Amino acid sequence: MTEEKTPAYLVACVSTVENVEVGPEYGELSAEPAKRSGLTPIAGGPVTGAKVKVLEGELPEGTELMMIEQFHSMEALEEFYYSEQYQEAIKYRLDGVRMHFLAALDGISEAELAAAAEAAARQK
C-alpha cells in the first residue's frame with residue numbers, strides 16, 4: 001500500500017508597514033517556485049469586513065491580512081519555502097510586511113479521518 005499524500009497549508013498573518021511598498025521583485029521571484037510547488041490560494045483577505053471573522057481569542061495587534069495557501073504536500077510546501085528563489089524573494093518583502101506568523105500545517109488524510117470517526121463511534 002502506498003502512503004497517501006495529504007495537502008499542506010501555509011497560514012500567514014501579516015500587517016503592512018506604512019508608506020513602504022513590497023518590491024515587485026518579490027512577486028517575480030516567488031512566482032516560479034509557487035507554480036512548481038502547486039501553490040493554490042484557498043482563502044485570504046483583510047481582517048476588516050467579512051473576509052476574516054475572529055471567533056475566539058485575538059489576532060496579533062496590527063494584523064491587517066490573513067491568507068491560507070494550499071500545497072500538494074508538506075514536502076512541496078517546504079520545497080517552495082526553502083527554495084533558493086523564494087528565500088531571495090523574502091528579502092523584498094521584509095521592509096514592507098511585518099509577518100506576525102507564518103505556519104505550515106499538514107492536512108488530514110481520508111484514512112486519518114476514518115480512523116478518528118471510528119474511534120469516536122467506539123466511545124459512544
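How many residues does helix α1 have, and how far does α1 reach from its first C-alpha to its last? Helix α1, residues 24–37, has 14 residues and spans 21 Å between those two atoms, close to the 20 Å expected at 1.5 Å a residue. The expected span is 1.5 Å times one less than the number of residues, and helices here are DSSP runs of H or I with at least four residues.

Colleagues, this is a predicted model, in which local features need pLDDT of at least 70, side-chain atom pairs count only at pLDDT 80 or more, and totals for chains, interfaces and linings use all residues. Residues are numbered from 1 along each chain as its sequence is written, and side-chain values use heavy atoms, with hydrogens and water left out.

Within α1, Ser30, Pro33, Ala34 and Ser37 are buried, that is, under 20% relative accessible area with a 1.4 Å probe and protein chains only. The cover over the buried residues of α1 includes α2 (74–82) and α3 (84–90). After α1 comes Gly38, with a positive phi near 80 degrees.

I turn now to the aromatic rings. Rings of Phe, Tyr and Trp (its six-membered ring) pair if their centres lie within 6.5 Å; planes under 30 degrees apart are stacked, over 60 edge-to-face, and the rest tilted. Five aromatic pairs are counted by this rule. Phe71 and Phe80 form a tilted pair, 5.4 Å centre to centre with 40 degrees between the planes. Phe71 is buried at 1% relative accessible area, and Phe80 is buried at 4%. Ring pairs join Tyr26, Phe71, Phe80, Tyr81, Tyr82 and Tyr86 into a cluster.

How values were computed. Buried means under 20% relative accessible area, exposed over 50%, partly exposed in between (1.4 Å probe, protein chains only). Contact means heavy atoms within 4.5 Å.
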